[in-house]
Amino acid sequence: MRQLLLLMIGGWLSLSASADVDSVIAQIDKNPVMVDEAIRLTVSASGDPSRDAFDSSALLNDFVVGRTSISSRTSIVNGSRSETTTWTTTLFPRQEGRFTIPPFTIEGQQTRPIEVQVIPVVKNDDGSQPARDFYVTTHVDTSEVYLNQQIRYTVKLFLATDIERGSLQAPQLKQAQISQLGDDIRTTEIVNGKRYQVIERNFAVVPQRSGEFVLRGPVFTGEVLAPNTNQRFGFFNRTQTVNRLGPDITLTVKPQPQDLDYHWLPSEFVDINEEWPESATFTVGEPVTRTVTLTAMGVVEEQLPSFPQNYPPGFKIYPDQSRTATVDKDNTLIAQRVESVAVIPTKAGRYVLPEITIPWFNVLTGETEYASLPARSIEVAPDTGQTAAVGNSSAAPATPTPQPAEPLAPEAPTPAPATNMWLWVVTALWLVTLIGLIAVILYYRRRPTGAPASASISQHQREPQAWHNLLAAVKARDIGKTQPALTQWLHQLEVEGQPLQRAADNALTAPLQPHIDVMLASVYSTSQAHWDNQPLLHSLTIVREQYLKNQQVKQQPLPALYS
């Protein structure tokens, strides 16, 4: 009994579902239709179907299918209620010929198939466009290109009357990069004695694969004022929709030549240049920023190669993140790649920065060409701070050189009182000189024999102060103060009788160099955003403790030979 009840309920539900749609009708607004015109397809279902019951995928083989709009209407006549759901879509024929719009099934109800005849655009006897109110033309600067070469695609929309609103889509090509070039250009032309307002729009089409393809024309959709002779008064103007399709264009995309072994860069013009800071000088330990710019026409930024980083062994390189951009000028794409690198010389001398060469393929001549920066010879000077420190430590107080006395001219005889006066002056000067000489002798006899020299005292006093300054700069994570403070402290460390210039120059301070490189990389490279100062602090403490132990061993007196 229960199973019978379930079967009855199921049958009733199926009958009620099938009764939701009484009939379905499909119709088009024009037949035949020209190849660039649109067909408006309307499918109406009486009843209450699902809004997703209409499927237009069966039309994609022969038509370009536009957006589908859905509307519902409910009417009550003599107490009888009826509902109608309507789907409206726009179809653009892909080519000339006869095509069939297949039947559609809406919840059990099916439409009849519709045969459509698509005719070519009727042209005048001279081959020009007919005097129609609206039409679209398309043009390319070349229909045969290389892979990744830019194609300039031009669309012109001819309007004989004003439009309320409108939109023009971009052309379509699979696996291609398409972008608009510049702004629209508005002009006026007279075609077959009829005046048109012309809107010109340019696109850059860059194919991403080789072969033969069809570049689909753009779709124009607009609304114009509809003529209505019966409407004498009213606050609203009636409009009608106008659709036009631009002609398709066949393209031949040639592949990359097989004998090329470099980064594929097809272009009409490629240039490379470099920039250095004004009055840039090269000094050991001081960074200089070098900026290299690569410019190419008719390509996008993703196609530009990176630059080789070839530098002599006496340099440390900290590249910055490259910057790329693509702009359009005179309806041509121009791509640029800018790379900046901080160059830090580590040794003085003369060096040659090698040539930078970028090969590229000239699409005009079909030959390989090269954009290059010539080799550059530079002179690296030693660190001025180091030179000054060495000079100050080795300089001795200047002693005035006695000048030979000029011969005295024979004096004329003077009276006796003048002679006595000069005698007293000479005697007084002689006594003062004698007293000063005795004082100097007594001072050096009383001085302890084991006292260190003044230069050594000054040296030991400068090292703690330099260490204090370095420690404060590192703890504060101030790299701008840490670099000069580290250089000054190294100058105070005498190893084998010579002050240090770089941490890597001696085995005692060599463990500091990796931590110094990490510190510099945090400034001149984008790989590290934050500098951890703890490893450098730990290594500095160990190196200084070992240095102080070595100094104590040197200052201890030798043990007696016989004790």
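How many bridges join S24 to strand S27 (residues 332–345)? In this predicted model, in which local features need pLDDT of at least 70, side-chain atom pairs count only at pLDDT 80 or more, and totals for chains, interfaces and linings use all residues, 10 bridges join the two strands, which run antiparallel. Residues are numbered from 1 along each chain as its sequence is written, and side-chain values use heavy atoms, with hydrogens and water left out.

Helices (H or I, at least four residues) and strands (E, at least two) are DSSP runs numbered from the N terminus, and two strands are taken to pair if DSSP finds at least two bridges between them. Of the 10 residues of S24, 8 are buried (under 20% relative accessible area, with exposed over 50% and partly exposed in between, for a 1.4 Å probe and protein chains only).

Elsewhere, 4 strands form an open antiparallel sheet in the order S11-S13-S16-S15, in which the edge strands S11 (134–140) and S15 (176–191) each pair on one side only. Strand S15 is joined to strand S16 (residues 194–207) by 13 bridges, and threonine 187 stands opposite valine 198 in S16.

Helix H5 (residues 479–492) has 14 residues and should span 20 Å at 1.5 Å a residue, which agrees with the 20 Å between its end C-alpha atoms (the expected span being 1.5 Å times one less than the number of residues). Among the buried residues of H5 are Ile479, Leu486 and Trp489.
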